[in-house]
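The tour below goes from the whole chain down to single residues.

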Amino acid sequence: MEKLRYERPIINKIKAGVPDKYGMQPKIPVKSEIDGIPVKEIVEKYGSPVFVISEKTLRETFQKANRAFQSRYPKVQFAWSYKTNYLDAVCRLYHDEGSWAEVVSGFEYDKALSNGVPGNKIIFNGPDKTDEDLKKAIENGSFIHVDHFDELYSLIRISQNTTPKAKVAIRVNMDTGIYPKWDRFGFNYENGEAWNAINRIMLAENLELVGLHTHIGTYMMTANAYAVAASKLAELAVRTNKKFNHSIKYIDMGGGFASKNTLKGAYLPGKDTCPSFDDYADAITSALINSEIAPDQLPTLFLETGRALIDDAGYLIGSVLANKRLSNARRAKILDIGVNILFTSFWYEHEVYPAQESSQQTEDTTLYGPLCMNIDVIRESIQFPTLKKGDLVVIPRVGAYNMTQWMQFITYRPNVVLIDQNKKMHLIRKQESLKVFKEQELVPEFLLNEKPLKA
Ligand SMILES: *Cc1c(COP(=O)(O)O)cnc(C)c1O
């Protein structure tokens with residue numbers, strides 16, 4: 001017989017059972033399956049922890065966003081923000097939905113090409129484009145979004161020896177009523193820099209000004225900021241048309257829509273406070289349609305939404321490693337999910353659900369990760385039932401940024417699994433192994449002795 005686990009008893013005020021003035025405590029929700037597949041089965045096959053992507057949720061969310069804009073504006077084009085999640089399978093699902101690629105580095109640019117995206121459907125953003133990157137982007141007919149004057153001068157120089165003409169847009173930053181302002185990327189609207197950049201591009205023989213771009217921030221909780229930004233870009237388009245008789249082909253509103261996760265310190269859950277795709281679409285399209293741009297010259301509206309499209313489609317499954325009492329008798333649990341793979345736990349109060357029926361009694365609990373680091377806290381404080389060692393938990397809404405910003409620290413990054421619409425599981429990124437790291441490392445000859453440990 002297996003020996004039962006013993007924990008020293010403590011006296012604790014019970015918070016479940018007795019109704020308070022809001023009624024009974026809600027039942028603890030259990031998340032025992034994802035898209036019809038038992039969580040237990042996923043872990044048996046792919047281990048713990050493991051990331052899961054739902055094709056169904058990914059596509060449904062995209063279609064909802066696309067519908068919100070298509071129904072309000074004649075020409076809309078989404079471009080998938082690679083840095084939000086650049087697993088090839090994920091990118092290809094968005095491309096299959098009609099999304100172009102939005103990239104911010106040479107690495108991402110090459111990844112988009114390798115996923116079969118034609119050069120003329122890649123938007124190239126970011127402050128760090130090498131001369132080779134720029135040359136390649138010009139030759140492939142990609143849209144180059146200029147970030148600063150040094151990049152503009154490089155482009156003018158490089159474009160003298162390349163064909164075809166470089167298709168360029170400028171990134172514009174501006175006061176949208178949101179502070180602190182994001183003014184480190186692109187050219188400022190208010191101080192005239194953006195207008196200056198436009199004039200220089202219009203005079204450069206081998207550059208064609210095709211668009212105006214902005215990305216006003218991330219997790220924007222108010223749609224109105226987008227209305228302000230769209231009006232300012234529209235004003236620049238009108239002014240360009242007046243002076244140069246040149247019409248701007250597209251206005252790119254970037255990304256930044258909030259997902260339903262709850263920010264740390266927020267008073268209400270994100271589900272209740274974040275604007276819907278319809279709210280954002282209404283603000284942006286109203287500003288463009290009501291601007292001074294002539295109706296027959298309305299630019300295509302580009303969107304680079306990342307977080308709000310993918311967050312809901314991602315789950316992280318983990319297991320309980322240990323139960324603990326802290327020195328003040330506070331309940332703590334150690335999970336096999338650390339901040340190295342759940343980077344967003346620095347910003348969000350992630351929801352965490354048991355994956356199997358558990359006791360209805362909850363206790364204020366701290367959830368720690370497995371790293372030997374004090375900052376490895378997944379939730380500082382959560383009302384949580386007591387789970388046993390080995391019990392599984394599910395963290396929803398982790399699709400954005402975690403699978404690109406994750407860090408390799410003292411252990412391997414885990415498997416990522418896609419559940420397709422026919423409830424079939426596919427491994428889309430393998431857990432790392434010692435081999436992966438050995439391949440990257442070199443040991444100098446003089447350290448390659450057979451017996452490295454001195455006697
Ligand atoms: C990061 C980024 C995006 C995506 O932002 P989200 O907040 O994930 O929607 C879009 N455009 C640019 C230029 C970015 O840097």
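How many Å separate the centres of domain 1 and domain 2, taken over C-alpha atoms? The answer is 33 Å. To see this, colour the two domains of this predicted model: domain 1 covers 33–52 + 313–438, and domain 2 covers 55–311. Then look at where they meet: 24 residues of domain 1 are in contact with 26 residues of domain 2.

**The whole chain**

The cartoon holds 13 helices and 20 strands. The C-alpha trace spans about 85 × 70 × 45 Å along its principal axes. Of the 455 residues, 53% count as buried. Switch to a surface view: the accessible surface comes to about 22,800 Å², and carbon and sulfur atoms account for 53% of that area. Now colour by charge. The chain has 57 positive and 55 negative charges, and their mean positions lie 5 Å apart. Among contacts between residues at least 6 apart in sequence, 69% join residues at least 24 apart.

**The largest nonpolar core**

Hide the surface and select Phe69, Ile170 and Met253. These residues have the most contacts inside the largest nonpolar core, which has 108 residues. Next select helix 8, residues 224–244, which gives 10 residues, the largest share of this core. Domain 1 and domain 2 both give residues to the core, so it lies between them.

Zoom in on Ile170. What does Ile170 touch, not counting residues up to four places away in sequence? Its contacts are Val146, Phe187, Ala194, Ala197, Ile198, Ile201, Gly211, Leu212 and His213.

**Helices 7 and 6**

Select helix 7, residues 193–203. Its residues Ala194, Trp195, Ala197, Ile198, Asn199 and Ile201 are buried. An α-helix has 3.6 residues a turn, so residues three or four places apart point the same way. The buried residues of helix 7 pack against helix 6 (149–158), strand 8 (166–173), strand 9 (187–188), strand 10 (207–213) and helix 8.

Move to helix 6. Here Phe149, Glu151, Leu152, Ser154, Leu155 and Ile158 are buried. These buried residues pack against helix 5 (131–139), strand 7 (143–146), strand 8, strand 9, helix 7 and strand 10.

Select Met425, in strand 20 (residues 425–429). Is Met425 buried or exposed? Met425 has a relative accessible area of 12%, and buried means under 20%, so Met425 is buried.

Met425 and Ile42 are 383 residues apart in sequence, yet 8.3 Å apart in space, C-alpha to C-alpha. Leaving aside neighbours within four places in sequence, Met425 is in contact with Ile37, Glu41, Ile42, Lys45, Tyr46, Val417, Leu418 and Ile419.

**Last stop: Arg331**

Finish with Arg331, found in strand 14 (residues 331–335). Arg331 is buried, with a relative accessible area of 6%.

Key: Residues numbered from 1 in each chain as written. Predicted model: local features only at pLDDT ≥ 70, side-chain atom pairs only at ≥ 80, totals over all residues. Heavy atoms only, no water. Core = buried A, V, L, I, M, F, W, Y, C linked by side-chain atoms within 4.5 Å. Buried < 20%, exposed > 50% of the residue type's maximum accessible area, 1.4 Å probe, protein only. Helix = DSSP H or I, 4+ residues; strand = E, 2+ residues; numbered from the N terminus. Domains from an automatic or database assignment. Contact = heavy atoms within 4.5 Å. Areas by Shrake-Rupley, 256 points an atom, 1.4 Å probe, with all protein chains shown as cover. Lys, Arg positive; Asp, Glu negative; His and termini not counted. Charge placed at Lys NZ, Arg CZ, Asp CG, Glu CD.
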